Amino acid sequence: MTTTIPVRPEQSESVSARVLTHPSGPTDKIYAAVTRTSGLIVLLIMSLVGVFLAYRASQALRVQGLSFLTTQAWEPDSRNFGIAAILIGTILIALVAIAVAVPLAVGTALYISEYAPRRLKQTLISLVDLMAAVPSIVYGLWGLFFLQGNVTGVARWITSYFGWLPFLRVDGFKNSDPLAGPAGTLTSSTFIAGLVVGFMVTPIATSVMREVFSQAPVGEREGALALGATKWGMIRSVVLPFGKGGIIGGTMLGLGRALGETITVYLIISPVFTIQPHILQTGATSIAATIAGKFGAASAFGTSALFAAGLVLFLVTLVVNFIASSIVAKSRSGAVSDA
Amino acid sequence: MMSSRTRFWCAGLLSAGVVAVVTFMGAPAQAATYVPVSGAGSTWSQVALDQWRRNVVQYGIKINYAGTGSSDGRNQFRNGTVDFGVSEIPYGLKDSGVVDAPPSRGYAYMPIVAGGTSFMYNLVIGGKRVTNLRLSGVNIAKIFTGSIKTWNDKAIAADNPLLRLPSTKIVPVVRSDGSGTTAQFSTYLATKFPSLWNAYCAKAGRSTPCGVTSNYPVVPGAGFVAQSGSLGVSGYVSQSANVGTITYVEYAYALNTGFPVVKVLNRAGYYVEPTAYAVAVGLQGATVNTNSKSPAYLTQQLGGVYDNPDKRTYPLSSYSYMIIPTRQEFGFSSDKGYTLGAFAYYFLCQGQQQADVLGYSPLPINLVKAGLEQVRRIPGVDVQSINIAKCNNPTFSASGKNLLAQLAPAPPACDKQGATQCTTGTGGQRRTSTAVSNGTPSQGGSSAAGGQADATSTTTGTVGTSSGASSGGGTGASLGNEVQATSQLVPPSNGWTTQRSAALIAVVMLLALIVVPPLVARILQAQGSAKANPR
């Protein structure tokens, strides 16, 4: 039914841009120079971070070579370490987080921009922004001391009924055993860490999405309503297609943050250094949490190994952000979203 | 008309905030010569350190301490990012083939407190918490190396003749960060059960012989859980759903979380709890380096503690150390030395009185004397000649013998290895006894409901500041005199103090922080829209 909505002709592309003839004064020149310099400085800092990481990582990478990418262990002092398990662990936690955060964020953003009464709107926006400002250690402590004890029942239910899916299986867990507590089987898992990280990235994703949704053209909204669309129909045919870039942008921004989330994950997980595809099972790992956990007590070589892990995280985050910005730039609302 | 009212509101809130900030900043304006000193390290001794830090605030001494683990404390001290470190083990030990190099800056060790590395557990029989579990050293080693997997293992049953233990899986909870507690525990394992320990280490991908390590090796898929920090492991075990877990942690954490600890079998054949007495007795077997020229001066050798033949011994007793700077470098000024010195004098003397109540054991007189000598090496310290008889340290006696160890009660006969077992509780559950469940199953069943209520009503910690808290169970008489002395040091807790007003203001400000921004935003928006389309 989306085809019934008339699309505004894109006039701006057919008409060539008017040439500005006004001579740029000294103010303009200074402004251009300042912005250009700051842009370059940002690039310079980024590349320096990369170079520094690569430099500090080189000692460990030279020893381990390509097996750094395939080894599932983290014993740098025994020269037995690699990124395979912790990189996959990082991605799994981020995916769980995104699976939680995206539906929640889309719903919240839609409610705030479309359904909330005007009086409530501003309060909700401030509340969401406030949630984004809560430090991650607070989320971590909440997850560790409150959520974990209460959410293992959900994990138990999921694995009891959907355990036939390989990634939802929990080794050593028997639902028929009433004595079996969640300890050692269902706690400190990828799922719980991802859940808390998901709650953390929700506000950020929400504010990006809400901003974009609220900019859906009023003319099109009114057009849809005039053609007899219900409110939900209008949202489906105007707001959501318009806000696609914002949804993807917000998701990717959240993914970037979830990949790098440190202290929350560190508090909740029980680190294992083998690939752990069972997301409900005790034992998880992530690059950032490994660095946080091992850095304080690392030897010189161990520090170099951690820098190598950091370099990998840096590259992964860079790639995610590049993909995000290219998707967002291509979409219609891309110009206005700040992702 | 609305705007004038809102302005009044905003002004009121703002002024309240300003007043609050001024009140906060105005409070500690005394004792200008003390400067903040920062330290990092052990979480094993953090409970005691935190209490001492709070106690000296009244003198204007501000000590910052981050419990980030002993390994991190030693690293940070070496790198010069903190003024002092706290660690259970000294520099120079070999861990996974790498020697933990001593720092280039001047340093010395100073013992701060003694304590027992306890085994805190979460175990339930018939809906009622078990509080009197006993284990031999070899069974502890087998549990923490994964060869005993369930609680109803025959070896554990032999330690606990009166308990019908469930077939619940044992979930050992270990430290994921570099930890002095792990180092103490692995020293014990490597000394007493080298074959078990090395086999386990090899399975976890470490090179053997494994020896002492600060990072507990974990075999993937063995059902172990690793958490960071003492608070992390004790917090994990104390979650009520996590039945079947057991961890190694300082006794204080078991008291604080209200959980029982394992009575460990000693050389004389008695199962003993790590009370202040048992630790003091055990540590009489410790060898302390008395060569004051050696860089490892005052550090401990614990082999004699593990095998101390005294029947009152807790075998996993040890000291914790502060690593103090002896030169003015890495930003350590004489003002900082003055402050750190005053703090050290406080905790070596008066602070030791509180050790027992907090879950530690006070230092004996020889280590206090040696510690006071070490304080002189801190640059900038205001050397005090302390009359240690006035310290009210419960270990001091006129004869110079360790009074605490002399007074320590003999373990009750039911704690002897054999066919019987004490039913009294331990640790944070010392007032909750456990019903006999083996051989009389009906009794265990009937007491389940009542037992639970009993357990919840008596979990309140014994760690508070009240007097006589340390009596009961197998502990015997309380250390009355030292508890009385405590009340003189700590400001009286009843009555409205500045601290309470500050707390109230903090709460109000926090609420304001949550409520005000949305309110202001709404008001501003209302004003903006009113200006945009005036009616």
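Predicted model: local features only at pLDDT ≥ 70, side-chain atom pairs only at ≥ 80, totals over all residues.
The crossing in which α2(A) passes α12(A) is left-handed.

On the side of α2(A), the contact is made by Val49(A), Gly50(A), Leu53(A), Ala54(A), Arg56(A), Ala57(A), Gln59(A), Ala60(A) and Leu61(A). Helix α12(A) contributes Phe301(A), Ser304(A), Ala305(A), Phe307(A), Ala308(A), Gly310(A), Leu311(A) and Phe314(A).

## The contact between the chains

Chain B brings 44 residues to the contact, and chain A brings 37 residues. On the side of chain B that touches chain A, at least two residues each come from α3 (70-79), β11 (225-227), α8 (229-237) and α19 (498-532) of chain B. Helix α19(B) gives the most to this side, with 6 residues. The residues on the side of chain B that touches chain A divide into 26 polar, 13 nonpolar and 5 charged.

## The open sheet of chain B

Chain B contains an open sheet of 8 strands with mixed pairing, in the order β2-β1-β3-β17-β6-β12-β10-β11. Strands β2 (63-67) and β11 of chain B form the edges, each pairing on one side only. On average, and with direction ignored, neighbouring strands of this sheet are turned by 25 degrees against each other.

Two helices of chain B are placed against these strands. Helix α3(B) lies across β1 (37-41), β3 (84-87) and β17 (317-325) of chain B, and runs at about 155 degrees to β3(B). Helix α6 (residues 180-192) of chain B packs on the sheet, where it touches β3, β6 (107-122), β10, β12 (245-250) and β17 of chain B. The direction of α6(B) makes about 105 degrees with that of β12(B).

## Strand β10 of chain B

Strand β10 (residues 171-175) of chain B pairs with β11(B) in the parallel sense over 3 bridges. Within chain B, Arg175(B) stands opposite Gln227(B) in β11(B). The pairing of β10(B) with β12(B) is parallel and extends over 3 bridges. Pro172(B) stands opposite Ile246(B) in β12(B).

In a regular strand, side chains alternate between the two faces of the sheet. From β10(B), Val171(B), Val173(B) and Arg175(B) point one way, while Pro172(B) and Val174(B) point the other way. Because 5 of the 5 residues of β10(B) are buried, the strand is largely enclosed by the rest of the structure.

## An exposed loop residue in chain B

Thr33(B) is located in the loop between α1 (2-26) and β1 of chain B. A residue is exposed if 12 or fewer other C-beta atoms lie within 10 Å of its own; Thr33(B) has 10 C-beta neighbours inside 10 Å and therefore counts as exposed.

Leaving aside residues up to four places away in sequence, Thr33(B) touches Asp335(B) and Tyr338(B). The C-alpha atoms of Thr33(B) and Ile61(B) are separated by 9.3 Å, with the two residues lying 28 residues apart along the chain.

Terms used: Residues numbered from 1 in each chain as written. Chains lettered and ligands numbered in written order. Contact = placed C-beta atoms within 7 Å. Helix = DSSP H or I, 4+ residues; strand = E, 2+ residues; numbered from the N terminus. Nonpolar A, V, L, I, M, F, W, Y, C, P; charged D, E, K, R; others polar. Pairing = 2+ DSSP bridges. Axes fitted to C-alpha atoms, helices over the stretch in contact; angles between N-to-C directions. Left-handed = near helix turned anticlockwise from the far one by under 90°. Buried ≥ 20, exposed ≤ 12 C-beta atoms within 10 Å, placed from the backbone.
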